[in-house]
Amino acid sequence: MANGSQGRGRLTRSAELDAVYRRGTSAASRHLVVYAFPSERDDARVGVAVSRKVGNAVVRNRLKRQLREAFDALEPAPVGCDVVLVARPGLDEAVEGQGPVWARAAGHGQADRFERGAGPARVDR
């Protein structure tokens, strides 16, 4: 597909993101909110939302790229769900300080829990 060699799709339309916000389950940490909703597709699609409160355009675009890369790096890959990642202010400093490894680990735990049918776990703030 359009976002790299792994062929995962993206949620790009506002209506797609809104559907995941309204009908999906969510989990939040201090710097990231994850919404997930089951879909009938064989692959997982990801949408990323980063507000202007997080930083300027350069910071926001870098974060979006890093979040998509962290999602694509999940092994085993989540299947049958649409996921929206919402960045909160301070995420850029957290990624800079710790690297994207923590984002992959947190996302992997959420994906495993979602696949078991329990929905995303609540993450301590």
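## A helix across the sheet

Helix α2 (residues 57-72) lies across β1, β3, β4 and β5 (81-87). Helix α2 runs at about 155 degrees to β4. Such angles run from 0 to 180 degrees between N-to-C directions, with axes fitted as lines to C-alpha atoms, for helices over the stretch in contact. Contact means heavy atoms within 4.5 Å. Helices (H or I, at least four residues) and strands (E, at least two) are DSSP runs, numbered from the N terminus.

This is a predicted model: local features need pLDDT of at least 70, side-chain atom pairs count only at pLDDT 80 or more, and totals for chains, interfaces and linings use all residues. Residues are numbered from 1 along each chain as its sequence is written, and side-chain values use heavy atoms, with hydrogens and water left out.

## The chain as a whole

The protein chain has 4 helices and 5 strands. From the N terminus on, these elements run β-α-β-β-β-α-β-α-α. Of the 125 residues, 43% count as buried. Buried means under 20% relative accessible area, exposed means over 50%, and partly exposed lies in between (1.4 Å probe, protein chains only).

The accessible surface of the protein chain comes to about 7200 Å². Carbon and sulfur atoms hold 48% of that surface. Accessible areas come from the Shrake-Rupley method with a 1.4 Å probe; for residues, only the protein chains shown count as cover. Now take contacts between residues at least 6 apart in sequence: 76% of them join residues at least 24 apart.

## The sheet

In what order do the 5 strands of the open sheet stand? The order is β1-β4-β5-β3-β2, and the pairing is mixed. The edge strands are β1 (9-10) and β2, and each pairs on one side only. Two strands pair if DSSP finds at least two bridges between them. Strands of a sheet pair through backbone hydrogen bonds, either parallel or antiparallel.

Start at β1. This strand pairs with β4 (residues 45-50) in the parallel sense, over 2 bridges. Here Arg10 stands opposite Val46 in β4. Gly9 is also found in strand β1. Gly9 counts as buried because its relative accessible area is 5%. The C-alpha atoms of Gly9 and Gly47 are separated by 9.0 Å, although the two residues are 38 residues apart along the chain.

## Around strand β3

Strand β3 has antiparallel partners. It is joined to β5 by 7 bridges, and Ala36 stands opposite Val83 in β5. It is joined to β2 by 4 bridges, again antiparallel. A hairpin of 3 residues connects β2 to β3. Across these two strands, Ala27 has Val34 in β3 as its bridge partner, while Ser26 stands opposite Tyr35 in β3.

His31 lies in the loop between β2 (25-28) and β3. The His31 side chain reaches the backbone oxygen of Pro89 at 3.4 Å. His31 also touches residues well along the chain, among them Val86, Arg88, Gly90 and Ala94.

## One aromatic pair

The structure holds 1 aromatic pair. Tyr21 and Tyr35 form it, edge-to-face, at 5.0 Å centre to centre and 80 degrees between the planes. Tyr21 sits in helix α1 (residues 14-23) and Tyr35 in strand β3 (residues 32-38), so the pair links distant parts of the chain, 14 residues apart. Rings of Phe, Tyr and Trp (its six-membered ring) pair if their centres lie within 6.5 Å; planes under 30 degrees apart count as stacked, over 60 as edge-to-face and the rest as tilted.

## Asp92 in helix α3

Asp92 has its place in helix α3 (residues 91-98). Why does Asp92 count as buried? Because its relative accessible area is 16%. Asp92 touches Val54, Val59 and Leu63, not counting residues up to four places away in sequence. Asp92 and Gln66 are 26 residues apart in sequence and 9.8 Å apart in space, C-alpha to C-alpha.

Terms used
Polar contact = N/O pair within 3.5 Å; in protein donor to acceptor, adjacent residues only side chain to side chain.
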